[in-house]
Structure formats: structure tokens, C-alpha cells
Amino acid sequence: MKMRSIKFNASSAMLNISVFMTFLLATSAAGNFYNDVQVTFGTDQRAKIADGGRILSLSLDQFSGSGFQSKNEYLFGRFDMQLKLVPGNSAGTVTTFYLSSQGAGHDEIDFEFLGNSSGQPYTLHTNVYSQGKGDKEHQFYLWFDPTIFFHTYSIVWNSQRIIFLVDNIPIRVYNNHESIGVPFPKNQPMRAYCSLWNADDWATQGGRVKTDWTNAPFTVYYRNFNVNGNVCIPGLPCGSSSKSIDSFNSQEWQSQGLDGKGRNRIRWVQKKHMIYNYCSDAKRFPQGIPAECKRPRF
């Protein structure tokens, strides 16, 4: 929409535009890939939207992978995506759902699914970057086969903490420890990104198992992309509440933490299904583990 003339003062215009944009964001249909995302690579039929915008598939072959990003940027929120991963021998492939800002010193919050040899489990890799520095990896084997049905992967991001959830079960909490000098992603708006790409130099058993291209194309499916967060519109403050399927006006994410039930669940996940924790890797940190590792986990 092109506005040719405005007959009121600038502050009034800003307020009315902000209210109008909030209305548009809050009332548009949720979970429609046509409305919510744009394909960033693999546009030559490797990324396909189907079922009226409810499902998006990404494919990988020996020539290219594919990916997409959210149209909006956000500063804090809850981000949900359902995925059904590549079945069979997916060794060498990486499927992603993550948040990221742009430029030098970027922030990032990662879900990465590292492919497997047939019969072996996927590795769920999580990481947090702040001001361009990551090295905060936790890895898990899932307690289900993520290739048979869709499962929900969620990121809750507020100024106090980041919570990673699988089917609404918390698997990891990364707390804000700026008080002890640990950077935390809280100032840079981020988009949601998803991709399927080849990383057989490291993804499966440290790169020992390569991608078998006779199984190509590899395909992963996404659906029910749902965000409830602070939308950042160029020229306006980050502060509009976006669309949400299940909790239209819910702002729980703004202060969400773990209750007793959540702490019990995360203890179970980390005891039974965690396979790597950077805080336990003494060889990697000969000068001592990072400062945040000495604080309570959750």
C-alpha cells in the first residue's frame, strides 16, 4: 500500500501506522507458508509449498540443498515448527530450524538435525551464539523416530533465558548470565530460518560416513510454523504481538521459565538422552569450563 499524503503530525502518523500494522499481524491467518516465509535457496523446485500453504518441503540433491526464512524479524518470542525428517539413510545431511540475526557479531539459536546411517538415530544438535561466538553445544538422541510422524520443535526466547522444547518437553535451558560477563542474545532482532543441506565433512560420525547420493533427492517436511513474539518492522519499535494458532493473545513466553514438572522433565531428558554437553568437555576447555557452566543449569 502506497501512502501519497498524510495530513496529521509525525507522532500521530507513527502511532496510527503502528496500530494498523499490529492489527494486520494479529488478524492474518497463522501457519500459512505463503504468507509467512520466503524461499532463500533451492527455488528451482527443491522448495515446494503444498496443501494450501500448510506444508513446505525442502529437498537436497548432489547439486543443491534448499531453505527458507521468515518474512518478519522478531525480538523475543515463542517459535514453533513441526518437522518430519528425511527417512532411511540420511547420513551427511543436516536439517535445520533456527533463529539468527545478520552481520558481524550475529546472534543465533539453533536446532540442527544431523543425519544418520540406516538404523542409527538422528543427532539433535543445539547451540547458542551471542555477538558472533557460539561453542555452547548440547546434543541429544531423540526418544522417538523423527522420520515417521511430525513432531513439534520450539524455541522460547526472552530476556532471561532460552528454552528448547520437543513436543513441549523442555530439553535445554540457556540462562542469561550477563551478570558474570557472559554475552546473551537480547539486542539483535532475528528471523527464523530452515534448511536442508549437505555437510558430510562433519555431520555423521565426524564426517566418516558420507552422503550416499543414490538415495537422493532427500526430502524433509515442515508444517505449522507458529510465532508469538515481538515483530520488528523497519522504522517502528519492536513490540507488536504476532499471530499464534494455539494462544492468540498469550504472552507467557515473555517470562517463561520451568516449574517443578518442567524441571523433572528436563532432568529425565538430559539423563537419558543427552549425548554431549560442552560443560562436561574438560579436554576442550583446559583452562577451565566456561563461567556459565558453574551456575545452576535451570
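Buried here means under 20% relative accessible area, exposed over 50%, and partly exposed in between, with a 1.4 Å probe and protein chains only. Helices (H or I, at least four residues) and strands (E, at least two) are DSSP runs numbered from the N terminus.

Before I go on, some ground rules. What we have is a predicted model, in which local features need pLDDT of at least 70 and side-chain atom pairs count only at pLDDT 80 or more, while totals for chains, interfaces and linings use all residues. Residues are numbered from 1 along each chain as its sequence is written, and side-chain values use heavy atoms, leaving out hydrogens and water.

Back to H3. Which residues of H3 are buried? They are Gly262, Ile266, Val269 and Gln270. Viewed down the helix axis, these buried residues fall within an arc of 90°, so they line one face of H3. That arc is taken over the directions from the helix axis to the C-beta atoms. As background, an α-helix has 3.6 residues a turn, so residues three or four places apart point the same way.

What lies over that face? The cover of the buried residues includes strand E9 (138–141), strand E12 (169–175) and E16. A contact, throughout this talk, means heavy atoms within 4.5 Å.

Helix H3 runs over residues 260–272, which is 13 residues, and at 1.5 Å a residue it should span 18 Å; its end C-alpha atoms are 18 Å apart, which agrees. The expected span is 1.5 Å times one less than the number of residues. At the start of H3, a side-chain oxygen of aspartate 259 comes to within 3.2 Å of the backbone nitrogen of lysine 261.

Now the whole protein. How many helices and strands are there? The protein has three helices and 16 strands. Of its 298 residues, 49% are buried. Among contacts between residues at least 6 apart in sequence, 66% join residues at least 24 apart.

Next, confidence. The average pLDDT, the predictor's confidence in each residue from 0 to 100, is 87, and 86% of the residues score at least 70. Residues 1–29 have a pLDDT below 50, and this stretch has 23 contacts in the model beyond near neighbours in sequence. Residues 244–248 are also below 50, with twelve such contacts. Where pLDDT is low, the predicted coordinates should not be read in detail.

The structure holds one disulfide, a pair of cysteine sulfur atoms within 2.5 Å. The disulfide joins cysteine 279 to cysteine 293, with 2.0 Å from S to S. Cysteine 279 and cysteine 293 both lie in the segment after strand E16 (274–277), so the link ties together parts that are 14 residues apart in sequence. The link is left-handed, with -75° about the S-S bond, and both cysteines are buried.

Two strand residues next. Phenylalanine 113 lies in strand E7 (residues 108–114) and is buried, with a relative accessible area of 0%. Its C-alpha atom is separated by 5.0 Å from that of threonine 95, 18 residues apart along the chain. Beyond residues up to four places away in sequence, phenylalanine 113 touches residues including Leu83, Leu85, Tyr122 and Tyr153.

Histidine 125 lies in strand E8 and is buried at 10% relative accessible area. Its side chain makes a polar contact of 2.8 Å with the side chain of glutamine 139. A polar contact is a pair of N or O atoms within 3.5 Å; within protein, one must be able to donate a hydrogen and the other to accept it, and residues adjacent in sequence count only if both atoms are side-chain atoms. Histidine 125 also touches Glu137 and His138, among others.

Last, the loops. Aspartate 135, between strand E8 (123–129) and E9, has a positive phi of about 65° although it is not a glycine. Aspartate 167, between strand E11 (161–166) and E12, has a positive phi of about 50° and is not a glycine either. Aspartate 135 is partly exposed at 34% relative accessibility, and aspartate 167 is partly exposed at 32%. Proline 217 sits in the loop between strand E13 (191–198) and strand E14 (218–232). The peptide bond from alanine 216 to proline 217 is cis, with omega near 0°.
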